[in-house]
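Dear colleague,

My notes follow directly after it.

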Amino acid sequence: MLTVSSAFVKKEEKSKEELIEEIENLEYQVFRMQENMKEISKRGKVLGIEMTKEEKWVIVYAVEDKHVCKINIHDCETPYQGHWDFSIQASYTGDSEIHIDDIRGEENKGLGSVGMKFLQEHAREHNIQFITGVIAERDWGHLNRLVHFYNKHDFYVEVDETQKKGKIYWERN
């Protein structure tokens with residue numbers, strides 16, 4: 001057994017075979033990242049790359065115009081074919097506010113946190129003071145998870161239990 005310590009791997013005991021498999025997977029993700037970034041940059045602005053909580057590399061990119069802002073994420077394990085894996089879809093509601101219209105994609109993979117980090121940075125870079133949104137009745141089945149998510153990202157969350165709706169609010173600091 002080998003003890004491994006690097007920027008990407010937590011210190012733990014791994015066999016030689018496990019290390020080889022990990023390196024090969026990382027090499028493949030880097031190759032796919034290069035190919036995907038070429039294609040994504042033709043359709044949107046690449047904002048960065050990030051590692052998810054599952055230690056998977058993703059490309060974060062924005063597609064926007066003067067009315068709409070979409071923070072999209074695509075993994076580095078599959079080819080980019082014009083479709084995102086995760087998206088925060090928002091709209092500009094004035095000079096100082098972005099309103100989150102919808103968040104789409106697989107949950108509990110860390111993609112929401114990656115996307116929100118980039119949306120907040122986008123707001124800061126464009127001198128946008130507020131990010132707002134609503135919690136709708138359709139979200140009620142996973143309300144606790146949503147409240148935790150928004151609180152984790154420094155949002156104020158108001159919930160009306162009787163009407164099954166809520167509001168979220170973030171202010172740039």
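Below I go through the overall layout, the core, the charged residues and a few local points.

Please bear in mind that this is a predicted model, in which local features need pLDDT of at least 70 and side-chain atom pairs count only at pLDDT 80 or more, while totals for chains, interfaces and linings use all residues. Residues are numbered from 1 along each chain as its sequence is written, and side-chain values use heavy atoms, with hydrogens and water left out.

Overall layout

The chain has three helices and ten strands, where helices (H or I, at least four residues) and strands (E, at least two) are DSSP runs numbered from the N terminus. Followed along the sequence, these elements come in the pattern β-β-α-β-β-β-β-β-α-β-α-β-β. The C-alpha trace spans about 55 × 35 × 30 Å along its principal axes. Of the 173 residues in the chain, 38% are buried; here buried means under 20% relative accessible area, exposed means over 50%, and partly exposed is in between, with a 1.4 Å probe and protein chains only.

The nonpolar core

A nonpolar core is a set of buried Ala, Val, Leu, Ile, Met, Phe, Trp, Tyr and Cys residues joined through side-chain atoms within 4.5 Å. The largest one holds 29 residues, and those that touch the most other members are Ile71, Ile98, Ile100, Met116, Leu119, Ile131 and Phe155. At least two residues of this core come from each of β4 (57–64), β5 (68–75), β6 (86–92), β7 (97–105), α2 (111–125), β8 (130–135), α3 (143–152) and β10 (165–171). Helix α2 gives the most, with six residues.

Salt bridges

Eleven salt bridges are found in a search of the whole structure, a salt bridge being a side-chain nitrogen of Lys or Arg within 4 Å of a carboxyl oxygen of Asp or Glu. In one of them Lys42 pairs with Glu39, with the closest N and O atoms 3.1 Å apart; Lys42 is exposed at 64% relative accessibility, whereas Glu39 is partly exposed at 31%. Another joins Asp102 to Arg104, where the closest N and O atoms are 2.8 Å apart. Both partners are partly exposed, Asp102 with a relative accessible area of 22% and Arg104 with one of 40%.

Within helix α2, Glu121 and Arg124 lie three residues apart, about one turn of the helix, and their side chains meet in a salt bridge (3.9 Å, N to O). Glu121 is partly exposed, with a relative accessible area of 35%, and Arg124 is partly exposed as well, at 33%.

A patch of negative charge

Which residues gather in a patch of negative charge on the surface? They are Glu17, Glu18, Glu21, Glu24 and Glu27. Patches are made of residues with over 30% relative accessible area and no salt bridge, with like charges joined within 9 Å and nonpolar side chains (Val, Leu, Ile, Met, Phe, Trp, Tyr) within 5 Å. Glu27 lies in helix α1 (residues 16–40) and is exposed, with a relative accessible area of 52%.

Loops and distances

Asp154, in the loop between α3 and β9 (156–160), has a positive phi near 65°, and it is exposed, with a relative accessible area of 58%. Lys164, in the loop between β9 and β10, has a positive phi near 50° and is partly exposed, with a relative accessible area of 35%.

Glu107, in the loop between β7 and α2, is partly exposed at 45% relative accessible area; Glu107 and Arg145 are 38 residues apart in sequence and 10.0 Å apart in space, C-alpha to C-alpha. Leu143, in helix α3, is buried, with a relative accessible area of 10%, and from Leu143 to Trp170 there are 27 residues in sequence and 18 Å in space, C-alpha to C-alpha.

With best wishes

Key: Areas by Shrake-Rupley, 256 points an atom, 1.4 Å probe, with all protein chains shown as cover. Lys, Arg positive; Asp, Glu negative; His and termini not counted. Charge placed at Lys NZ, Arg CZ, Asp CG, Glu CD.
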